[in-house]
Amino acid sequence: MASRVGETIIECIKEAQFPGSNEDQHQALQTLVTITKISPQNRNLVAQINGAISSLLSLSKSHSPPQIQILALSVLFNLSLNPNLKHSLAQMDTIFHLNTLILSPNSIESGKLTASLLCSLAMLDKNKAKFGVAGTIQVLVKIISGPRTPAAHHLLSSLAELVQFHGNCTLAVRAGAVPVLIAVAESANGEDLSGTSLAALGLLARFEQGLNELKRIDGIVARIVGILKRGCMLSKEGACEILLRLFDESQECLRDALGLPEFSSALADVSVRGSGRAREKAGLLMKKIMDANVY
């Protein structure tokens, strides 16, 4: 059975590389998508074939017919699900290619697949610095700051993955990520976007550059409290985390919060009805308020 699958994979790769017709190429890639979707072993088999990944990357470029590009990206995404393949897939040429596709996707589907592939590769810690060197952070901030796209959640998730690395945090702050993420978190469309934005913002706030940038934003405490009051549960968790960091750093921020009539009621609501993590963060905020001497 394994040898038969291996033979099928080899034939499909050959057909994808040197198709007899567009229809044959399409069918070969569709078979590869199906085979790699269901089995980590099959993904490894594809990756082991000489020239397979480079051919898939070539077919995923914008000069390919749209459906061929989508199928090639689908196979690459499936391969990226194997932890042992994430590092070898994230070559610099590949990352530059993904940057280009994110900035100028051929279609909604190719844009979503590219963002998903990027996010999958970014999950490996060894890859994070590579993306920073390749300029991916700036690309992500630029796209996220523009009109919402169907790939927005994956793009935000990619940014949240990459800023776990300190060097990328610095790049993100310099690229203007902090006000961009706050604006997304405050937007009414897409609660998952708000929560993911605040998760990324909380990661930026772990470091001095990010926290200082937060404090420079006019009315930052009132804006975060506003998100705490009306956001989804993931947003409430993120808002609490950011307030904790602001209060640790600045008594003035704590005074600003206490001067907001809605702060106490929003915090009490999270303490009672929030998730376990949100209640824990709200409890820490309450303790800070009780221990503080801000007058």
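**Chat about salt bridges and a ring pair**

Modeller: Asp248 and Lys288 form a salt bridge, with their closest N and O atoms 2.3 Å apart. Keep in mind that this is a predicted model.

Biologist: Okay! Which helices do Asp248 and Lys288 lie in?

Modeller: Asp248 is in helix H17 and Lys288 in helix H20, so the pair ties together parts 40 residues apart in sequence.

Biologist: And is Asp248 buried or exposed?

Modeller: Asp248 counts as exposed, at 55% relative accessibility. Lys288 is partly exposed, at 27%.

Biologist: How many salt bridges does a search of the whole structure find?

Modeller: The search finds 11. One of them joins the side chains of Glu237 and Arg277, at 3.8 Å from N to O. Glu237 lies in H17 and Arg277 in H20 (residues 276–291), so this pair ties together parts 40 residues apart in sequence. Glu237 counts as buried at 15% relative accessibility, while Arg277 counts as partly exposed at 47%.

Biologist: Which residues do salt bridges with shared partners join into one network?

Modeller: Asp125, Lys128 and Glu161. The side chains of Lys128 and Glu161 meet at 3.1 Å, N to O. Lys128 is buried, with a relative accessible area of 3%.

Biologist: Switching topic: how many aromatic pairs turn up?

Modeller: The whole-structure search finds 1. The ring centres of Phe247 and Phe263 are 6.2 Å apart and the planes sit at 85 degrees; that is over 60, so the pair is edge-to-face. Phe247 is in H17 (residues 233–249) and Phe263 in H19 (residues 261–273).

Biologist: Are those two buried or exposed?

Modeller: Both Phe247 and Phe263 are buried.

Definitions and conventions: Residues numbered from 1 in each chain as written. Predicted model: local features only at pLDDT ≥ 70, side-chain atom pairs only at ≥ 80, totals over all residues. Heavy atoms only, no water. Phe/Tyr/Trp six-rings, centres within 6.5 Å; stacked < 30°, edge-to-face > 60°. Helix = DSSP H or I, 4+ residues; strand = E, 2+ residues; numbered from the N terminus. Buried < 20%, exposed > 50% of the residue type's maximum accessible area, 1.4 Å probe, protein only. Salt bridge = Lys/Arg side-chain N within 4 Å of Asp/Glu carboxyl O.
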